[in-house]
Amino acid sequence: MEERISPTVRLRRLTRGIRRWRAEAGLRQEDVAAALDWSKPKLSRFENAEKSAGPAEVLALAAVYGVPDAERDQYVALALQARQKGWWQRYGQDTLASNFEEYVGLESEAAEVREFAAELIPGLLQTERYATELIQAWIPQADEVVMKERADLRAQRQARLHETNPLTVGTVIHESALRQLVGGPEVMREQLKHLVASAKLPNVPLQVLPFSTGAIPALGAPFILLSFPDQEDPDVAFAEHLTSSVYMEDPAEVEMYTLNYSALRSKALSQKESITFLNRLAREL
């Protein structure tokens, strides 16, 4: 099976390793910087993923920390992978905002995405017409080139749902998102039918939260959880705002999101009931 490699995920793994090495060695940043004749900010940038340490820097750090050769070589390989270009980096800055670039980098190597969608259909399950209507409504408006690139980017992301080793996309969608007439009845009818077709894929567990559920956890706070095939990469929780986004990796915080997602699933309709619900909404349009 071909291994999926994302430089974003590999950089995070490399950074965690470099921080762990120093912690286990019981050294301060200034001690390590002095030993290598580096500035302290240089080491700090490597430890905080502000800049990727190259193979030479990893070798130097491993020598200071006394890291075994096999582990050192593993992290040298990570340093090389972290400097590769991701497939998404061919798009321009207007197409892929910096806060979303990191998300796409994480999603590219993820094995599972779990999303609570409150007002919008999840991007991985949007039709082209639905997504285009959203892009056209966004402020500032994008030009035709950017719109075309964003459509292509979305298609590339959605293609993972149909690969031999597909991405699992679990989602709980609130009825608010299903009744928002993005693009009008015809566009939404097509979108709802696409959700029904997607929910029949074995890797797309989809559940609807109807209005009748009443109070629910995380109401008004949509979020995404990303899980990775290698257990060395911990789950990441992601929340998006109008001009920024937040990534949460602290185990306690991620656990809160995991618990909330489980609670949302327990309150939502079953997969079968959700498909019936979506078909009924589509007929009513």
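**Open and enclosed space**

Reply: Of the 285 residues of the chain, 46% count as buried, a term that stands for under 20% relative accessible area with a 1.4 Å probe and protein chains only. The model is predicted, so to speak of local features requires a pLDDT of at least 70 and side-chain atom pairs count only at 80 or more, while totals for chains, interfaces and linings use all residues. Residues are numbered from 1 along each chain as its sequence is written, and side-chain values use heavy atoms, with hydrogens and water left out.

The chain has 12 helices and six strands, taken as DSSP runs (H or I of at least four residues, E of at least two) and numbered from the N terminus. Its C-alpha atoms fill a box of roughly 70 × 40 × 35 Å along the principal axes. Among contacts (heavy atoms within 4.5 Å) with a separation of 6 or more, 76% come from residues 24 or more positions apart.

The largest pocket holds about 1500 Å³ of space. A pocket here is an open set of points on a 1 Å grid over the protein atoms alone, with protein on both sides within 12 Å along at least five of seven lines, and lining residues have an atom within 4 Å of a point. Its lining comprises 44 residues, and Phe100, Leu120, Leu134, Trp138 and Glu240 are those nearest its centre. Two or more lining residues come from each of the helices α6 (98-109), α7 (128-137) and α8 (144-158), and likewise from each of the strands β1 (112-117), β4 (223-227) and β5 (236-240).

A search of the whole structure also finds one cavity of 30 Å³ or more, a cavity being a set of grid points where a 1.4 Å probe fits but cannot get out. About 40 Å³ of space lies in this largest cavity.

As the buried position, Leu192 lies in helix α10 (residues 185-199) and counts as buried because its relative accessibility is 1%. Leaving aside residues up to four places away in sequence, Leu192 touches Leu178, Leu278, Leu281, Ala282 and Leu285. One of these, Leu178, is 14 residues from Leu192 along the chain, and their C-alpha atoms are separated by 7.5 Å.

Conventions. Buried < 20%, exposed > 50% of the residue type's maximum accessible area, 1.4 Å probe, protein only. Points joined across faces, edges and corners; volume = space filled by probe spheres on them.
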